Amino acid sequence: MTSKILKAAAGCVAMVGLATGARGEPLDLRQGQEIGAGTGFRRGDVCLVLTAAHVVKEAGVEVLVQDRTGGRGTGKVSYENAEYDVALVTLNPGFTVACSERWPEVGWMAAARWNTSTLLEVRRHYPDGREAVILLRWAGGTNDALSLAFNDRTGIRSSDSGSLVLQGERAVGMVRAVDTGTDRVDVLRMDVVDRLVGPRFRGASTSTAVTFDGVFHQGRPNPNWSSYVGAWLAESGGRTLVDAGSAQWRCRIRADVLDWSQRAMQNPRYDELQQSLSSCKSNPLLRRSATAVKMCEDGARAQLKETPRQVRMHALQLKVDVAPRTGAPQNRLRSVEIAEDAGAGLSRPQVELQVLQSAFRSVAGDMLPQACL
């Protein structure tokens, strides 16, 4: 019987269960009716999502991205290679999805040796926050690709296309397709992916040097707030912080918090869970099975118990000044609202770190690439 190759074009999977404490990758991608997976890699201020090209094949159509915590973003395809089935989606500024991964090292793969006892894994994240680890065995391959076999009855689905394949914490490749005739998973090797798009990330490793005057409140410097924003500039913003007396800095940055107020509001996540609970019985993928409906309802109720009804909103009026060593200075004054991480049990310093970093990114995120070249 002729084998049929299935690529992840569509397919909605209904899920039930409880949230776990695993990391927020991979990401779920949707473009029109196409559904797949991807992984967000940080490149300076920008998040680039690696995925399979056939998942985002509609030219010019916006891609919706979501992580397991509910964080979202939108973007467009910025790189596509149909021959290797590789694509990059660049997210628009203001995304809230997890994007903390650094581009992996792949030099070790040249000496890697696998056999039929080698176990590899794909991590699948469900909309309700649950994670599953899908184990696969090495079953052959070529210089460009690996052929993997299912290790148990839990197999790769169409919506897993674009997911990373891992050996421990090392990225081995990316899922492209499943041969339903042989139950073999086609995986593009990560060293091939690196050859295609890796220079984009390594090119960002030489960060721009900046001097940061700090965060000021009512005209006075706030050391704690300054350390929070300074950490964002170095870790997420991809900048190297240097003293004002250094000859290396390309621009000078200052932030002023003019006002900071708080208020309580209804938690949108709580409302979403209530809607999910009420829709369990009407879900066409579940309503034929009373057991599936009950599992869906039990999962939603369990999450409702752990989700606060209200969240605290922080409203900041933030002014950011960016002065390049050569060229005209820029400044921006904005009022932003940041929702506190409800139910996380954060201390006051942790809340201030979270809020300030989010507010600074919102106000200055797109200023830095323009002014601090």
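**View 1. Helix H3 passes helix H4 in a left-handed crossing.** In such a crossing the near helix is turned anticlockwise from the far one by less than a right angle. This is a predicted model, in which local features need pLDDT of at least 70 and side-chain atom pairs count only at pLDDT 80 or more, while totals for chains, interfaces and linings use all residues. Residues are numbered from 1 along each chain as its sequence is written, and side-chain values use heavy atoms, without hydrogens and water. The axes of H3 (residues 268–279) and H4 (residues 290–306) come within 9 Å and cross at roughly 160 degrees. H3 and H4 are therefore roughly antiparallel (an angle over 145 degrees). The contact (heavy atoms within 4.5 Å) involves Arg269, Tyr270, Leu273, Gln274 and Leu277 of H3, together with Glu297, Ala300, Arg301, Gln303 and Leu304 of H4. These residues comprise 5 nonpolar, 2 polar and 3 charged.

**View 2. A closed barrel of 6 strands runs S2-S3-S4-S7-S6-S5, with antiparallel pairing.** Two strands pair if DSSP finds at least two bridges between them. From one strand to the next, the twist averages 40 degrees. Strand S4 (residues 46–51) pairs with strand S7 (residues 86–91) in the antiparallel sense over 4 bridges. Threonine 90 in S7 is the bridge partner of leucine 48.

**View 3. Tryptophan 225 and tryptophan 260 form a tilted pair, because their ring planes lie at 45 degrees and the ring centres are 5.0 Å apart.** Rings of Phe, Tyr and Trp (its six-membered ring) pair if their centres lie within 6.5 Å; planes under 30 degrees apart count as stacked, over 60 as edge-to-face and the rest as tilted. By this rule there are 3 aromatic pairs. The pair of tryptophan 225 in helix H2 (residues 223–235) and tryptophan 260 in strand S17 (residues 251–266) links distant parts of the chain, 35 residues apart.

Conventions: Axes are lines fitted to C-alpha atoms, for helices over the stretch in contact, and angles run from 0 to 180 degrees between N-to-C directions. Helices (H or I, at least four residues) and strands (E, at least two) are DSSP runs, numbered from the N terminus. Angles under 35 degrees count as roughly parallel, over 145 as roughly antiparallel, 65 to 115 as roughly perpendicular and the rest as oblique. Ala, Val, Leu, Ile, Met, Phe, Trp, Tyr, Cys and Pro count as nonpolar, Asp, Glu, Lys and Arg as charged, and the others, Gly among them, as polar.
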